[in-house]
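This briefing covers helix packing, salt bridges and one hairpin. Please read it alongside the sequence and the model.

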Amino acid sequence: MKFKGLFLLCFVMIFSIVLKAQEATAPVFPPKGQNDTIRVASTNDNGVMIPWMQLQDVTINAARLFKSPAERAAYNRLRYNVLKVMPYALFAKRRYEQLERDLAVTTEKKEQKALVKACDKEIKDMFNREIKELTITQGQILTKLIDREVGRTTYDIVKQTKGGFAAFSYQIVARVVGHNLKSTYSPTEDRDIESIIRSSGFYQ
C-alpha cells in the first residue's frame, strides 16, 4: 500500500514538472490586429475558395560560355553596338507612334503633310547631331532594331510618310554606304541581339 502511494506521488511530481516545462517553452503569440490580415485574390473552385496572388516575372539567364577569346570579344563588340543604337530605335518607335496618332485625328491633307514634315525634321535633326557618327555596323543594327520596335522596316516607314520615290532614293543612298533600309529583325536569327536587349534593362 505504501509502495502504491509512493509511486502515485512520484507520478504526480513528474507530471507537474513536465507541464511546467511545456508552459515555459510554449510560444506566446500577441493578439492579432487589423494589420495582420493580408488581402489576396481568390478563385471559387467547386465551392472551395482558393487564395492566390500574382508574382512578378523572374527572368533567369544562364552564364554565357564562349569557345574562344575572339568569340567573347565579338560578342562584347556586338553588345556595345546594340546598346549604342537602341535609344535611337526607341526614339523612332515613340515618334512614329505619335505621328500615327496625330494623323489618325487629322483629316486635312495640308495639316497631315505638316505633321509628317515636322516628324521628318526631328529625325533629320537627330541624324545630323548623333546618328551620322554611327559606324556601318551600328547603322545596320539600327535598321534591324527599328523593324523590331516599330514592326515595319525603315523602307516601309519612309514609303508611307514620304512616298515610294523618296523611299527608293533613300534606299539607293543607303546601299552605297553599306546599309539596307529593308533589313528585317528575326529573334531567332538575331538571338544574340535579342539576348542583349532583354538583359539591358531598357524595358524595366
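By about how much of the helix are Glu 194 and Arg 198 separated in helix H7? Glu 194 and Arg 198 are four residues apart in H7, so about one helical turn lies between them.

The model is predicted: local features need pLDDT of at least 70, side-chain atom pairs count only at pLDDT 80 or more, and totals for chains, interfaces and linings use all residues. Residues are numbered from 1 along each chain as its sequence is written, and side-chain values use heavy atoms, with hydrogens and water left out. Helices (H or I, at least four residues) and strands (E, at least two) are DSSP runs numbered from the N terminus.

**Salt bridges**

- The whole structure contains six salt bridges, a salt bridge being a side-chain nitrogen of Lys or Arg within 4 Å of a carboxyl oxygen of Asp or Glu.
- Lys 93, Arg 148, Glu 149, Glu 194 and Arg 198 are linked in a network of such bridges.
- Glu 194 pairs with Arg 198, with the closest N and O atoms 2.9 Å apart.
- Glu 194 also forms a salt bridge with Arg 148, at 3.1 Å from N to O.
- Because Glu 194 lies in helix H7 (residues 191-198) and Arg 148 in helix H4, this pair ties together parts that are 46 residues apart in sequence.
- Lys 93 and Glu 149 meet through their side chains in a salt bridge of 3.7 Å, N to O.
- Lys 93 belongs to helix H2 and Glu 149 to helix H4, so the pair connects parts 56 residues apart in sequence.

**Exposure of the network residues**

- Buried means under 20% relative accessible area, exposed means over 50%, and partly exposed lies in between (1.4 Å probe, protein chains only).
- Glu 194 is buried, with a relative accessible area of 9%.
- Glu 149 is buried, at 9% relative accessibility.
- Lys 93 is partly exposed at 25%, and Arg 148 is partly exposed at 24%.
- Arg 198 is exposed, with 64% relative accessibility.

**Packing of H2 and H4**

- Helix H2 (residues 69-104) packs with helix H4 (residues 136-150) at an angle of about 45°, and their axes are 8 Å apart.
- Axes are lines fitted to C-alpha atoms, for helices over the stretch in contact, and angles run from 0 to 180 degrees between N-to-C directions.
- H2 and H4 are therefore oblique to each other; angles under 35 degrees count as roughly parallel, over 145 as roughly antiparallel, 65 to 115 as roughly perpendicular and the rest as oblique.
- In the contact of H2 with H4 there are 15 nonpolar, three polar and four charged residues.
- Ala, Val, Leu, Ile, Met, Phe, Trp, Tyr, Cys and Pro count as nonpolar, Asp, Glu, Lys and Arg as charged, and the others, Gly among them, as polar.

**The S1-S2 hairpin**

- Strands S1 and S2 run antiparallel and are joined by five bridges; two strands pair if DSSP finds at least two bridges between them.
- The two strands form a hairpin with two residues between them.
- Ser 42 stands opposite Pro 51 in S2.
- Asn 46 lies in the loop between strand S1 (41-45) and strand S2 (48-52).
- The phi of Asn 46 is near 55°, a positive value in a residue other than glycine.
- Asn 46 is exposed, at 76% relative accessibility.
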